[in-house]
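Have a go at each task before you read its solution.

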Amino acid sequence: MPRFSPGRRIVLTAPYLWILAFFLAPMALILKISLSHPVEARPPYEPLFSLAEGPALWLEKLQALSLETYRALIDDPLYLDSYLSSLWLAAISTLLTLLVAYPFALAMARAPRHLRPLLVGLAIAPFWTSFLIRVYAWIMLLKDEGLINHALMALHLIDAPLEIYATSTAVVIGMVYSYLPFMLLPLYAALERQDPALREAAADLGASPADIFWRITLPLSARGAVAGSLMVFIPAVGEFVIPDVLGGPQTLMIGRTLWSEFFTNRDWPMASAVAILLLALLILPLVVVERLRAEGEG
Amino acid sequence: MGALFRSLVLFAGFVFLYGPIAVLVVMSFNASRLVTVWGGFSTKWYASLLEDQATRHATLISLEAAALSSTLATLLGLCAAVALARFGAFRTRTLFFGAVHAPLALPEVVLGLALLSAFVSFGLERGFVTLVIGHATLTMCFATVGLLAALRSCDPAQEEAAMDLGATPLQAFVLVTLPSIAPALASAFLLSFALSLDDLVIASFTTGPGATTLPMRIYSQVRLGVSPQINAISSLLLAVVGVALALSALAMRRKRA
């Protein structure tokens, strides 16, 4: 970068080095660890490359790279089940979030203009409060002896408590609740931007309100729906807190499997391999998000 | 959508968003330990918090880590945003742009694991310092995105005019651009602060003994089940965030008026 002045160079170098040292290098490192053998030591994996050893040894080490961990990962149904169940729960949660958020965002976008900033503020305010606390609050509502069961039984709608807490259903409820703001914002932005004149023109030409919705409002908000769905789906697949706090022991999700592989089994190569495959799974949605963002960047 | 139906949808939506939070706050004043029994109004759970040394220590650690990491994140994010907005094309700009945005979408468990592996191989002892580095790495991405948008929306011609009148590039930036992106700087700092204060996953991977954060402390108690003390500390946290949000909303309104 020869044409940059010293000042500019500092401005670019500081964040660049930071990202290099604390993001790119660590990501390369877990790829490396996932290819090494677990050993009983600290760190509990066989170091692969070390600058001190010199290039002669590197070749030898390169041959020692092993896919052993990945083979074990594929052979053990626990991991495959975790991946599939994560994708499934994330997909259901995304769909439900979209269904809950759409009418909500539409109502916000069609509210009187002066109220809209307040409504948007109220809709995103929970995002600023603690995620863990908001998830925890649902335990009180969903438990067998919790508020929802108590209310339903008092109203004689059910005889025995619904067993929601510590199941996958509770996890889905928790995800819809926690990620709702991520869906609301892009949807609201897409709906609010629409020119009311389009709907008026369609109505003048004899379109029914249902026609107008299906043929104008919905197609024009499709980009917002796609963006919002990705904003929900991607973090939901790797979610740890929600399945751990609201799910039961049988609720398998990959974030939770990675966590226990690392903290309980102390198997670093396996935890790294799980992380790498999780990224591989998310690469397609991530690329779509990047593309949307790049289009936004222009 | 009719006005009545619209109001109903909005009402239902906000009940869903705020209902669980309201239950939590109400329960923190419940003398009974049971969620379904109202044992009378009581502040005893708040009083018991004062005696809880571990929670107090964890709160301090969290506040210190949030203050330091969000300062770092805002500065790094500002540099990154300036480089992306003003430096035009440079080699590896695409890599830099992608790497700065990637942690936004990356599962937290993956980033946490990657950071920890790096700290171990760099020979950094896990503790408060690694916690701050971890949080700064996560939150600088959020800061960069917000500041980049703010820089894009202010006209570079103003800076150029200042330089034509004899200002150095640094003077032009500090005197012309910086004041106009001040609100974005403030919100980048606040968002980084809030994210750091809230984070459980990155903290669990990157911190060490003696630097347990408040979310880690809450999490370890949540695993033991619902407890009125968690309701009390959670309500306090919500109150702090609520007051901060209300104040910033008021400040924005005053500025506009």
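**Exercise 1: a helix pair across the chains**

α1(A) and α4(B) are oblique to each other. This is a predicted model, so treat the geometry accordingly. Your task: work out which angle lies behind that label, and which residues make the contact.

Solution. Start with the axes: helix α1 (residues 6-34) of chain A and helix α4 (residues 93-105) of chain B come within 10 Å and cross at roughly 55°. Angles of 65 to 115 degrees would be roughly perpendicular and those under 35 roughly parallel, so this pair ends up as oblique. Next, the hand: α1(A) passes α4(B) in a left-handed crossing. Now pick out the side chains. From α1(A) come A:Y16, A:I19, A:F23 and A:L24, and they meet B:F96, B:A99, B:V100 and B:P103 of α4(B). Sort them by class and you get eight nonpolar residues, with no polar and no charged ones.

**Exercise 2: a second pair**

Find how α6 of chain A is oriented against α1 of chain B, and sort the contact residues by class.

Solution. Helix α6 (residues 131-142) of chain A packs on α1(B) at about 75°, the axes being 9 Å apart. That angle makes the two helices roughly perpendicular. On the α6(A) side you'll find A:R134, A:A137, A:W138, A:M140 and A:L141, facing B:P20, B:I21, B:V23, B:L24 and B:M27 in α1(B). The tally here is nine nonpolar, no polar and one charged.

**Exercise 3: the whole contact**

How many residues does each chain put into the contact, and which helix gives the most on the chain B side?

Solution. Count by chain: 71 residues come from chain A and 59 from chain B. On the chain B side, helix α1 (residues 3-27) leads with eleven residues. By class, that side holds 48 nonpolar, eight polar and three charged residues.

**Exercise 4: the core**

Which residues touch the most other members of the largest nonpolar core?

Solution. The core has 156 residues, and the answer is A:A105, A:L184, A:V274 and B:L113. Helix α8 (residues 168-193) of chain A gives the most to this core, with 17 residues. Zoom in on A:L184: beyond four places in sequence, its contacts are A:A101, A:F104, A:A105 and A:A123.

Notes: Residues numbered from 1 in each chain as written. Chains lettered and ligands numbered in written order. Predicted model: local features only at pLDDT ≥ 70, side-chain atom pairs only at ≥ 80, totals over all residues. Contact = placed C-beta atoms within 7 Å. Helix = DSSP H or I, 4+ residues; strand = E, 2+ residues; numbered from the N terminus. Nonpolar A, V, L, I, M, F, W, Y, C, P; charged D, E, K, R; others polar. Axes fitted to C-alpha atoms, helices over the stretch in contact; angles between N-to-C directions. Parallel < 35°, antiparallel > 145°, perpendicular 65-115°, else oblique. Core = buried A, V, L, I, M, F, W, Y, C linked by C-beta atoms within 7 Å. Buried ≥ 20, exposed ≤ 12 C-beta atoms within 10 Å, placed from the backbone. Left-handed = near helix turned anticlockwise from the far one by under 90°.
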